[in-house]
Amino acid sequence: MQRRRRGWRDALRFVFRFQSYFGLVIVVLLSISFSPSRGGKLIFLNARNLSNVFRDVSETGILAVGMLLVILVAGIDLSVGSVLALAATGSAFLLMRSEWGALPTILVVLLIGLAAGWFNGWVSERFNVPSFVTTLAMLSIARGVARYWSHDIAVPLSYGAGGGDPRFEVLGERIGGLIPVPSLFMFGVAIIVGVVLHYSRFGRYLYAIGGNETASRLSGIRVQRLKVLAFMLCSMLAALAGILHAAQLNQGSPNDGVTYELNAIAAVVIGGGSLFGGKGTVAGAVVGAFILGVLDNMLSLNNVSSNIQLVVKGLLIVGAVALQQFRLRSVE
């Protein structure tokens, strides 16, 4: 009897360990099954459509990797969508109105993201304010600055004579017409952050802080400084996503990025990350982003309204959290 129970627990541990990958396979199979066809061929499997999925997932993937760093230390960042909008608007403004080059524009926008993250982390830690309150305030501040900066209108991007630096346009292009450049940034960010989390002292400390903050502090880990750094990296990656967003849409709008924070949080949770901190992987967060991206694509191909898509995402988050609780009770 005990052997059978142990075998059952081992099987559950295996399923939970790779739950995000199983989820992605299921969503892909459902997308193929329910894909409309054109000329006898499934639209979902069309190379251009798959390229669009990678392109759409890129921003969510980068946001999710940054969000993972904050969630690992038991925090939350609700401002990433607004920081993305501020970065996109700032990029377009600096390129078109201030006539800056691509490189200084990118560096300044990334610094703006770092500053937003420093504010989130410093206020949360210095004044012991819950991170969801601080980042909710930053959500409003960043959106307001973006609207003030652009006079509440989108700043269109053009290149060449009288336009912005044409090197910025490369960030939104597709290599060979199919491989979106933003997806290369997403995989690059994921690899770098994944290596840092698994092989550096900084990464191990983030997991330790999320697992037991008091014990981490007593063991000499500079908890406050590392949590502020996690918020700074999260916002900097949101700014990077905003730069790519502007390059892909050829504009920077202060009204973009609404509900993007929901996508980032959902990707981390669906990928196995725990909202209570200390658990989660970069690979899981990226796979979670792909699950959302493929799901969005499937629903769009079947003309399901965006409102229903939001409902589906909300239910996915609830389901993922419920699955985590079941995992804690039955396996661990």
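Which side chain meets that of lysine 227 in a salt bridge? Here are some friendly notes on that pair and its neighbours.

1. The partner is glutamate 213, at 3.2 Å from N to O. (A salt bridge here is a side-chain nitrogen of Lys or Arg within 4 Å of a carboxyl oxygen of Asp or Glu.) This pair links distant parts of the chain, with lysine 227 in helix α10 (residues 223–249) and glutamate 213 in helix α9, 14 residues apart. Helices are DSSP runs of H or I, at least four residues, numbered from the N terminus.

2. Please keep in mind that this is a predicted model, in which local features need pLDDT of at least 70 and side-chain atom pairs count only at pLDDT 80 or more, while totals for chains, interfaces and linings use all residues. Residues are numbered from 1 along each chain as its sequence is written, and side-chain values use heavy atoms, leaving out hydrogens and water.

3. Glutamate 213 also forms a salt bridge with arginine 217, with 3.0 Å between the closest N and O atoms. These two sit 4 residues apart in helix α9 (residues 213–218), so about one helical turn separates them.

4. Lysine 227 is buried at 11% relative accessibility, whereas glutamate 213 at 26% and arginine 217 at 46% are partly exposed. (Buried means under 20% relative accessible area, exposed over 50%, and partly exposed in between, with a 1.4 Å probe and protein chains only.)

5. Elsewhere, arginine 167 and aspartate 165 form a salt bridge of 2.8 Å, N to O. Arginine 167 is exposed at 59%, but aspartate 165 is buried at 13%. The structure holds 5 salt bridges.
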